[in-house]
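Biologist: I have a structure open and am new to it. Please show me how to read its features, one at a time.

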Amino acid sequence: MTDELRQPERPAWKALERHQQEIAGCHLRGLFAGDPGRGERLALEACGLYLDYSKHLIDGETVRLLCRLADGSGLRGRAEAMFRGEPVNVTEGRPALHTALRLPRAASLLVQGRDVVRDVHEVLDRMSVFADGLRAGDRRGHTGRRITAVVNVGIGGSDLGPRMAYSALRHHARDDLDVRFVSNVDPAALAGALRGLDPEETLFVICSKTFTTRETLANARTARAWALDALRDEAALARHFVAVTANSAGAAGFGIEPAATFPFWDWVGGRYSLGSAIGLATMLAIGPERFRELLAGSHEVDEHFRAAPFERNAPALHGLLAVWYASFFGAQTAAVIPYASSLDRFPAYVQQLAMESNGKAVTLDGAAVTSETAAIVWGEPGTDAQHSFFQLLHQGTRLVPCDLIAFSRPLDPPAEHHDLLLANAFAQAEALAFGRTAEELRAAGVPERLVPHRVLPGNRPSTFIIGEELTPRALGALVALYEHSVFTQAAVWEIDPFDQWGVELGKELADRIAVELVAPDEPALHDSSTNALVRRYRASRRPR
Ligand code: F6P
């Protein structure tokens, strides 16, 4: 910690608590009416993204106090420690160096005497050669047929990043390569992913940082059996399976040679691994050059986050606003609404990023936190979302800060659709902020009995993020914006955003129960509820 005091005891925190009471009595209508320049003043442009944060329950004083809070939390020093490769993942005693994955070739970063930039570019080069070969039809399947399908097998960070990026950048992907993703151990998921594929033309990319994740190994084994059933030769598998992992021994144990293994390192967290070899499926789809543009977009935001003063720093402000609502307004959730259908997996991606990182209840030194931490992140693309859950956002009883994300230029014609899409995005931010009053409704002739039903209170905060076009570079920038926003939040809450101990117990129990489900005798090792569920399943899984 930067001083002896816990965060909520610090002067900046206390000042924000007092300030929140004042702001809570304001309405965005009044804030805008009293400050005609607000919409342009509370906005900033960075790395190709325009971030409008004027429709938040804030004023200039809020921004000043939040930046003071960031200062007092040592955000600058913590960020520098991360960029330098210090062990900022304190509970696992290692660096969190996703930012090194996008350093340019000419850079150098020594971590324990080793230049990690050299390692990063060595792997990027290997990935590029592999991707170019496969895309050109030079690297073929065992029987000499061209690879026409890629199946990424992985879960969590080994799935969500490449899956999201592939979907987002599909427009830039080639049509003659069918890229699919399987994560869930539900047999229906793999069956669905394999449906219609020809084993002679299919490449499996087995992605697992640890190479111990049960779901991924189960899917990988079944995929291997599927391929072998058709190819009838163990040697053939070398042309149809590659691994991406920080555990090359694990991949070798599975039968994937070092030559077909693309490594990454324990200093890359799973949910931060899109820029590593975990992005291989995305690179195969869009090509190495475009993949490097994605990295360049992230790098640009890294530099911005490192250098810009907090009050002009897009990720820092984004993160501080998240703290403002979670810790000072008690907001339970935050919505991410991309007005770009190809960002359909982006909310799920941010969900893991934010919730696995900051879903913590103890500080770095193990003390209980004294404020709320990460909000529950959720969302779906607009305009679909408007026709499902936006009702609650407009008239429900909860405060749900929203991010609306859009791009000025369409990827596909006709342009009129894009105009309509953007009109909806702007309209929703406006409606959330300003709502509709009873007076306005009466003036429009709405019958009195319907007035209470039709009032929209407004004052619902949102950030509008708009870029020029959904290019690889823009996506890279967006990813890094959220990564550093999450880091900012963690710094203020003084928690470790890079571990995820909370997921371990469930894995252990599942291992134990998996054995019990098929054991000859009925076990009674659990609580009465779990025992009853296990018993019921055992009875019904017996062959009829
Ligand atoms: O269970 C959580 C988790 O460890 C995530 O943090 C990670 O992204 C995912 O599982 C997959 O892990 P791996 O890449 O090691 O298979």
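Modeller: Start with R232. R232 is exposed, with a relative accessible area of 68%. Keep in mind that this is a predicted model.

Biologist: Where does R232 lie?

Modeller: R232 sits in the loop between α9 (214–231) and β8 (241–245). Its backbone deserves a look too. Phi is positive there, about 55°, although R232 is not a glycine.

Biologist: How should I read a positive phi?

Modeller: Most residues other than glycine have a negative phi. N459 is another case: not a glycine, yet with a positive phi of about 65°.

Biologist: Is N459 buried or exposed?

Modeller: N459 is buried, at 17% relative accessible area. It belongs to the loop between α18 and β13.

Biologist: What about the peptide bonds?

Modeller: Most peptide bonds are trans. Look for the cis ones. The bond from G382 to T383 is cis, with omega near 15°. T383 is in the loop between β11 (376–378) and α15 (390–395). P413 and P414 are also joined by a cis peptide bond, with omega about -5°. P414 is placed in the loop between β12 (402–407) and α16 (415–434).

Biologist: Now a charged residue. Which side chain of opposite charge is nearest to R460?

Modeller: That is E440, 14 Å away. A salt bridge needs a nitrogen of Lys or Arg within 4 Å of a carboxyl oxygen, so that distance rules one out. R460 is buried and has no salt bridge.

Biologist: What does the side chain of R460 reach instead?

Modeller: Backbone oxygen. The side chain of R460 reaches that of G396 at 3.0 Å.

Biologist: Where is R460, and what surrounds it?

Modeller: R460 is in the loop between α18 (451–454) and β13 (462–467). Leaving aside neighbours within four places in sequence, its contacts include L28, K55, H394, R398, L432 and A433.

Biologist: How do I read a nonpolar core?

Modeller: In soluble globular proteins, nonpolar side chains tend to be buried together. Here, the largest nonpolar core has 150 residues. Within it, L284, L343, F346, L475, L478 and Y482 touch the most other members.

Biologist: Which helix gives the most to this core?

Modeller: Helix α19 (residues 472–493) does, with 14 residues.

Biologist: What does F346 touch?

Modeller: Not counting residues up to four places away in sequence, F346 touches M164, V336, I405, L478, V479 and Y482. There is also a second, separate core of 18 residues. Among them are F389, F390, V400 and A429.

Biologist: Last topic: cysteines. How many disulfides does a search of the whole structure find?

Modeller: A disulfide is a covalent bond between the sulfur atoms of two cysteines. The search here finds zero disulfides. Take C26: the nearest cysteine sulfur, that of C67, is 19 Å away. A disulfide needs sulfur atoms within 2.5 Å, so C26 is in none.

Biologist: And C47?

Modeller: C47 is in no disulfide either; the nearest cysteine sulfur is that of C67, 17 Å away.

Biologist: How accessible are C26 and C47?

Modeller: C26 counts as partly exposed, at 29% relative accessibility. C47 is buried, with a relative accessible area of 18%. The cut-off explains the wording: buried means under 20%.

Key. Residues numbered from 1 in each chain as written. Predicted model: local features only at pLDDT ≥ 70, side-chain atom pairs only at ≥ 80, totals over all residues. Heavy atoms only, no water. Helix = DSSP H or I, 4+ residues; strand = E, 2+ residues; numbered from the N terminus. Buried < 20%, exposed > 50% of the residue type's maximum accessible area, 1.4 Å probe, protein only. Lys, Arg positive; Asp, Glu negative; His and termini not counted. Polar contact = N/O pair within 3.5 Å; in protein donor to acceptor, adjacent residues only side chain to side chain. Contact = heavy atoms within 4.5 Å. Core = buried A, V, L, I, M, F, W, Y, C linked by side-chain atoms within 4.5 Å.
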